[in-house]
Amino acid sequence: FLTYDLHQLPETLTKVIVSDMTGKISEEHPVVAPSGMMEICKNLSAGIYVIQLTSGSNSTRPIKILKMDANLNIVWTSTKDGYGNDDLGQTMALDNFGNIYVAGYFTNTSNRKEACLLKYNSDGVFQWQQIIKSAFDGDAVAWKVKVLDNYIYVVGDVKNETDKDILIFVYDANGNQIFTKPIDSGSGGND
């Protein structure tokens, strides 16, 4: 039985540490990515999935995910570019069929962020994407994704005329929107 942990290192390095049940470290694998801008999702029977920032300027980075096997060999990688600008995968989740859901944002040609939800099958083949835009020409960003009972729940925020509101949206496994709900506390500030 092995566990995988993501540890932050100084500068722009992160590493995956493989240890047994006693905590004895058997392997360390450095991965280049800015600190805190990467997520790891594991399902030991399906593999280990990582959202990784790609190298290059901040203005042209696409979303990149990769799958590793139990020995941390890369099985596949997949890259998705929204509009040729800076994009970011913030979070990911797996369903019971091995499909991968990535949530974050694309930066459009007007330099506004649009919340995105991407679906890949277990082989890393892109299936569909959904985009949520601000109705007020502001930013919309997805922060967390969770799969429950074959529904995909995403939480983020959206900029309205004066502040940011929380945004919850739900899709089925085929990408059909079930509902979207903005939440405004009414306090006039960011929620």
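**Strands, hairpins and nonpolar cores**

Strand 9 (residues 100-107) pairs with strand 10 in the antiparallel sense, over eight bridges. Strands and helices here are DSSP runs, numbered from the N terminus, with E for a strand of at least two residues and H or I for a helix of at least four; two strands count as paired if DSSP finds at least two bridges between them. The model is predicted, so local features need pLDDT of at least 70 and side-chain atom pairs count only at pLDDT 80 or more, while totals for chains, interfaces and linings use all residues. Residues are numbered from 1 along each chain as its sequence is written, and side-chain values use heavy atoms, with hydrogens and water left out.

Within this pair, Ile100 stands opposite Tyr120 of strand 10. The two strands form a hairpin with five residues between them. Asn111 lies in the loop between strand 9 and strand 10, and its phi is positive, about 65 degrees, although Asn111 is not a glycine. Asn111 counts as exposed because its relative accessibility is 58%; exposed means over 50% relative accessible area, buried under 20%, and partly exposed in between (1.4 Å probe, protein chains only).

Strand 10 (residues 113-120) continues the pairing on to strand 11 (residues 126-132), which runs antiparallel to strand 10 and is joined to it by six bridges. Ala115 has Ile132 of strand 11 as its bridge partner. This hairpin also has five residues between its strands, and Gly124 takes a positive phi near 85 degrees. Strand 10 is mostly covered, with seven of its eight residues buried.

What lies around the buried side chains? The largest nonpolar core has 17 residues, of which Tyr101, Leu117, Val145, Ile152, Val154 and Phe169 touch the most other members. A nonpolar core is a set of buried Ala, Val, Leu, Ile, Met, Phe, Trp, Tyr and Cys residues joined through side-chain atoms within 4.5 Å. Two or more residues each come from strand 9, strand 10, strand 11, strand 12 (140-148), strand 13 and strand 14 (164-172). Strand 12 gives the largest share, four residues. Apart from this core lies another, of 13 residues, among them Ile51, Phe106, Cys116 and Tyr120. In soluble globular proteins, nonpolar side chains tend to be buried together.

Val154 shows the surroundings of one core member. Leaving aside neighbours within four places in sequence, Val154 is in contact (heavy atoms within 4.5 Å) with Ala103, Leu117, Ala142, Lys144, Val145, Leu167, Ile168 and Phe169.

Between strand 12 and strand 13 there is a loop that holds Asn150. Phi of Asn150 is near 65 degrees, a positive value in a residue other than glycine. Asn150 is partly exposed because its relative accessible area is 40%.

Strand 13 (151-159) and strand 15 (177-183) are the elements that give two or more residues to the patch. Phe179 is in strand 15 and counts as partly exposed, at 38% relative accessibility.
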